[in-house]
Amino acid sequence: MNIVVLGAQFGDEGKGKIVDLMTPNFSLVARYQGGHNAGHTVYVNGKKFVLHLIPSGILHEGVKCVIGNGVVVDPQALFKEIEELAQLGIEVGDRLLISDKAHLILPYHRELDVLSEARRGERKIGTTSRGIGPAYEDKIGRRGIRVCDLVDTQALADEVRENVSARNRIIKDSTLDWQPVYDQLLAFGVRMRRWTGDVSLVLDQARQAGQRILIEGAQGAMLDIDHGTYPYVTSSNATIGGACTGLGIPPKAIHGVLGVAKAYLTRVGEGPFPTELDGEMGNRLRETGMEYGASTGRPRRCGWYDAVAVRYAVRVNGIDSIALTKLDVLDGIETIEICTGYKIGDRTVTEFPSDLNTAGTLTPIYESWPGWTTPTKGARDYAQLPAEAQRYIRRLEEVSGVPVGLISTGSDRLETIIRSGSVVADWLPRKN
Ligand code: IMP
């Protein structure tokens with residue numbers, strides 16, 4: 001049984017921890033989109049690991065980690081991550097496989113990302129400045145350079161020469177020479193070769209051999225290039241379709257979808273966020289939840305749970321169950337709000353609008369629920385949760401239109417509730 005774990009909000013839902021705790025039930029963990037804009041934080045025995053590109057499955061001995069063709073790979077970021085893992089005593093060895101069809105992020109993509117943001121001025125996206133957008137632009141513009149292109153050929157030389165000259169035209173007074181870029185790419189190619197191959201084929205063989213694959217999304221539904229709050233999105237399909245195109249697997253290879261959602265909501269970068277909280281409550285969520293970007297350190301914007309958005313993510317992705325994370329961050333809050341719809345002028349909207357940016361004077365419609373005083377922090381059993389917390393979860397299930405099969409009550413693997421009778425319990429016969 002192959003399961004996809006993906007973000008049901010604006011990213012940073014805590015997918016890293018969920019993937020990490022599910023991994024012992026799988027032979028392979030595969031990532032299908034995004035790049036090192038992602039930051040997956042995992043705590044094991046009190047030790048913090050932040051992974052950006054390599055799936056967090058790498059922390060588990062014997063698990064193979066796959067980076068699909070839908071991912072954009074910055075070779076320097078990749079090598080750095082491999083070295084950092086080695087310093088922590090984790091050898092990647094031959095457990096890593098990168099698609100030879102994955103596109104590369106080149107050093108000048110980062111520059112172009114920063115420049116594009118500067119040019120947008122007040123309309124900036126608030127990107128992670130990792131060159132993600134420009135790399136995907138080159139891919140779609142059919143001038144991208146893929147992992148398999150990194151061999152000393154005339155075709156690569158021509159491509160690099162053209163790309164560098166296009167870049168020189170964009171960046172004022174720039175006279176970057178293509179030759180050192182070419183030489184560097186060849187060196188990257190040599191170093192990467194041992195880890196590259198045909199991901200689609202390897203995943204197919206794994207399936208034939210009855211091995212289970214855990215498929216990991218980065219970012220979240222609201223940041224999806226097609227289904228998110230465009231243009232304030234990332235440049236890839238974080239939603240379910242990306243899993244097929246980004247790994248070269250058919251839809252029937254996917255047997256379940258676990259959406260990860262925080263018990264409240266955060267967003268990093270610019271763009272619409274109807275339930276955003278300014279002031280004291282926003283600060284409280286940020287500080288208690290340690291809501292600072294894992295990749296960029298930027299403070300995250302914080303707000304109440306938006307059931308309209310999660311319901312939308314459930315529809316687009318066919319989410320079977322939600323992993324509700326950071327419930328403990330709400331401990332001690334007197335009244336908790338859930339957004340169940342929006343008011344646009346005198347209209348009530350309960351479906352996620354296609355254009356949230358021009359929705360005008362949009363105000364969230366809230367339901368107020370009593371909070372709890374007994375802490376949920378570290379709870380490992382549903383019955384241990386205070387009645388108010390159970391009621392809050394029940395209400396989230398109703399308004400989001402999906403059951404909550406897993407609840408995270410702290411950053412450690414062990415601080416987790418897997419609800420018996422849920423599909424998540426079926427997917428995870430082996431517990432940690
Ligand atoms: P980019 O992916 O760097 O182009 O950034 C586009 C938007 O996606 C910005 O608002 C980023 O803050 C956001 N973003 C990208 N990656 C992540 C992530 O892993 N978590 C949360 N937001 C992200």
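T275 is buried, with a relative accessible area of 0%. That value, like everything else here, comes from a predicted model. The residue sits in the loop that links strand 12 (265-267) to helix 9 (280-288). Setting aside neighbours within four places in sequence, T275 is in contact with L265, G303, W304, D306, C339, P364 and Y366.

One goes to the side chain of K17, at 3.0 Å. In the other, a polar atom of the T416 side chain lies 2.8 Å from the backbone oxygen of R413. K17 turns up again among the residues in contact with T416 once neighbours within four places in sequence are left aside; the others on that list are L21, A379, R380, L406, I407 and T409.

In soluble globular proteins, nonpolar side chains tend to be buried together. Here, the largest nonpolar core has 71 residues, and within it L327 and Y392 touch the most other members. Helix 10 (residues 307-317) supplies the largest share of this core, with seven residues. Apart from it lies another core, this one of 40 residues, including I98, V147, L186 and W195. As for Y392, its contacts beyond four places in sequence take in L327 itself, along with A263, Y305, L330, I336, I338, W369 and W372.

For T128, a polar side-chain atom lies 2.5 Å from an oxygen atom of the ligand. For N37, an N or O atom of the side chain is 2.9 Å from a ligand oxygen. G126 takes part through its backbone instead, with a polar atom there 3.3 Å from an oxygen atom of the ligand. On its own, the ligand has 470 Å² of accessible area, and the protein covers 97% of that.

Technical notes
Residues are numbered from 1 along each chain as its sequence is written. This is a predicted model: local features need pLDDT of at least 70, side-chain atom pairs count only at pLDDT 80 or more; totals for chains, interfaces and linings use all residues. Side-chain values use heavy atoms; hydrogens and water are left out. A nonpolar core is a set of buried Ala, Val, Leu, Ile, Met, Phe, Trp, Tyr and Cys residues joined through side-chain atoms within 4.5 Å. Buried means under 20% relative accessible area, exposed over 50%, partly exposed in between (1.4 Å probe, protein chains only). Helices (H or I, at least four residues) and strands (E, at least two) are DSSP runs, numbered from the N terminus. Contact means heavy atoms within 4.5 Å. A polar contact is a pair of N or O atoms within 3.5 Å; within protein, one must be able to donate a hydrogen and the other to accept it, and residues adjacent in sequence count only if both atoms are side-chain atoms. Accessible areas come from the Shrake-Rupley method with a 1.4 Å probe; for residues, only the protein chains shown count as cover.
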